[in-house]
Amino acid sequence: MINALRKRRGKRAPLGLGLAFAVALQLPALADTQCTLKRAGSLDLETESSGEVTIPVLVENHAARFTIDTGAAFSLLATTFARSIGHEPRLLPNGSYFGMVGGYKLHDMVTVDSFAIGMLHAGRTDFVAIPSEAISPGAMGILGSNVLAAYDVEIDFAAQKFNIFSQDHCAGQVVYWTKSPFAEVPMTLGRDLHITIPVTLDGKQVRAIVDTGAYRSYMTLDNANDLFGLDENSQGLKKVGDTELNGVAAATIYKYPFQSLTFQDVSVRNPDIEISKEGKRTPGMPQLIVGMGIIRQLHIYVAYGERTLYLTPASAH
């Protein structure tokens with residue numbers, strides 16, 4: 001199942017990747033005021049059949065839609081779309097590859113001559129190449145953290161907008177959409193640029209990754225056992241089926257009636273979290289992936305420059 005593959009993709013770092021895949025998108029001229037937010041773009045969100053969200057971009061002046069994926073270290077381009085605009089994928093250097101769950105490996109890259117997101121423009125740009133069947137049907141690529149982390153980004157589900165801001169603003173002065181209380185959650189960024197934050201799940205302190213490329217939220221059964229003492233025989237734990245992962249692996253999925261997931265003072269009731277037998281605990285790694293089923297109930301502002309995640313309920317105004 002593609003959703004299961006993609007929501008776990010973010011946990012797999014590229015192995016031996018020698019390229020930085022930096023994207024030098026140029027900001028337009030912005031007002032030079034110290035504390036005012038400087039918005040560099042506002043794009044319409046569309047929700048795909050997979051539940052993920054996409055935005056319009058231009059690849060060499062060809063219109064395309066890219067999935068917003070804070071769980072992807074690099075941006076990716078679908079091979080079918082790349083070929084349609086005249087680019088044949090080529091091997092990554094030095095035998096390197098991008099590893100995905102189930103043992104699937106991405107060995108290729110694509111270089112395009114120009115790339116634009118709203119008013120942001122870049123010249124020559126590298127993407128990891130990904131088979132078209134491995135991304136949302138309505139998407140031609142994935143916008144990953146190598147681009148996102150250079151800016152601040154806001155996802156406003158109520159207005160169906162994706163906004164891009166300069167990081168040149170005063171710390172703590174970004175929540176402009178409401179006068180109601182909001183959560184101000186410190187976040188860390190690892191080498192893979194994943195957003196890791198502390199959350200509280202049914203009273204337990206949990207380290208979580210915020211992954212907009214994952215439709216469902218999930219944790220491994222090992223982590224559920226460590227945190228809540230859950231195993232396959234626990235009361236309330238219900239098997240809901242087996243999920244195919246990229247055609248080369250399978251995971252048994254369970255559900256459990258969690259009561260609340262809390263980000264400081266902002267809570268999501270009855271969070272929908274899958275518990276998977278696939279995957280083992282890794283000391284020091286996050287224990288929960290927070291996916292779109294939960295994220296879309298929130299209004300989020302990722303202040304990459306401040307290393308802070310600001311959020312309110314999606315309906316706050």
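A salt bridge here is a side-chain nitrogen of Lys or Arg within 4 Å of a carboxyl oxygen of Asp or Glu. I kept that cut-off beside me for the first entries. The model I looked at is a predicted one.

**Entry: D272 and R216**

I took this pair first. D272 forms a salt bridge with R216, and their closest N and O atoms are 2.4 Å apart. I then looked up where the two partners sit. D272 is in the loop between strand 25 (266-269) and strand 26 (273-276), while R216 is in the loop between strand 20 (204-210) and strand 21 (217-220), so the bridge ties together parts that are 56 residues apart in sequence. I checked accessibility next. D272 has a relative accessible area of 31% and is partly exposed. R216, with 30%, is partly exposed too. I also asked which residues join in a network here. R216, K255 and D272 are linked by salt bridges into one.

**Entry: R65 and E46**

I went on to R65. R65 forms a salt bridge with E46, with 3.5 Å between the closest N and O atoms. This pair links distant parts of the chain: R65 belongs to strand 5 (residues 62-68) and E46 to strand 3 (residues 46-47), 19 residues apart. Are the two partners buried or exposed? R65 has a relative accessible area of 16%, and buried means under 20%, so R65 counts as buried. E46 reaches 40% and is partly exposed.

**Entry: E88 and R83**

I noted one further pair. E88 forms a salt bridge with R83, and the closest N and O atoms lie 3.0 Å apart. E88 has 54% relative accessible area; the limit for exposed is over 50%, so E88 is exposed. R83 is at 46% relative accessibility, which makes R83 partly exposed. I then ran the search over the whole structure and got eight salt bridges.

**Entry: the disulfide**

I turned to the cysteines. A disulfide is a covalent bond between the sulfur atoms of two cysteines. I counted one disulfide. It joins C35 to C170, with an S to S distance of 1.9 Å. The angle about the S-S bond is -65°, and the link of C35 and C170 is left-handed. I looked up both ends. C35 lies in the loop between strand 1 (14-15) and strand 2 (39-44), and C170 lies in the loop between strand 16 and strand 17 (183-186), so the pair ties together parts 135 residues apart in sequence. C35, at 28% relative accessibility, is partly exposed. C170, at 16%, is buried.

**Entry: cavities**

How many cavities of 30 Å³ or more does a search of the whole structure find? I found two.

The largest cavity has a volume of about 40 Å³. Its lining has 10 residues, and I117, V147, L148, Y151 and I164 lie nearest the centre. Helix 3 (145-148) and strand 16 (161-165) are the elements that give two or more residues to this lining. I sorted the lining of the largest cavity by residue class and got 10 nonpolar, no polar and no charged.

The second largest cavity has a volume of about 30 Å³. V210, F263, V290, I295, L298, I300, L309 and L311 line the second largest cavity. The elements giving two or more residues to that lining are strand 28 (298-303) and strand 29 (308-313). The class count for the second largest cavity was eight nonpolar, no polar and no charged.

**Entry: D202**

D202 lies in the loop between strand 19 (195-201) and strand 20. At 28% relative accessibility, D202 is partly exposed. What does D202 touch, not counting residues up to four places away in sequence? I listed F228, F258, Q259 and S260. I also took one distance. D202 and F228 are 26 residues apart in sequence, and their C-alpha atoms are 9.1 Å apart in space.

**Entry: the chain as a whole**

The secondary structure of the protein chain comes to five helices and 29 strands. The chain has 317 residues, and 56% of them count as buried. For contacts with a separation of 6 or more, residues 24 or more positions apart account for 66%.

Technical notes: Residues are numbered from 1 along each chain as its sequence is written. This is a predicted model: local features need pLDDT of at least 70, side-chain atom pairs count only at pLDDT 80 or more; totals for chains, interfaces and linings use all residues. Side-chain values use heavy atoms; hydrogens and water are left out. Helices (H or I, at least four residues) and strands (E, at least two) are DSSP runs, numbered from the N terminus. Buried means under 20% relative accessible area, exposed over 50%, partly exposed in between (1.4 Å probe, protein chains only). On a 1 Å grid over the protein atoms alone, a cavity is a set of points where a 1.4 Å probe fits but cannot get out, and a pocket is an open set with protein on both sides within 12 Å along at least five of seven lines; lining residues have an atom within 4 Å of a point. Grid points are joined across faces, edges and corners, and a volume is the space filled by probe spheres set on the points. Ala, Val, Leu, Ile, Met, Phe, Trp, Tyr, Cys and Pro count as nonpolar, Asp, Glu, Lys and Arg as charged, and the others, Gly among them, as polar. A disulfide is a pair of cysteine sulfur atoms within 2.5 Å. Contact means heavy atoms within 4.5 Å.
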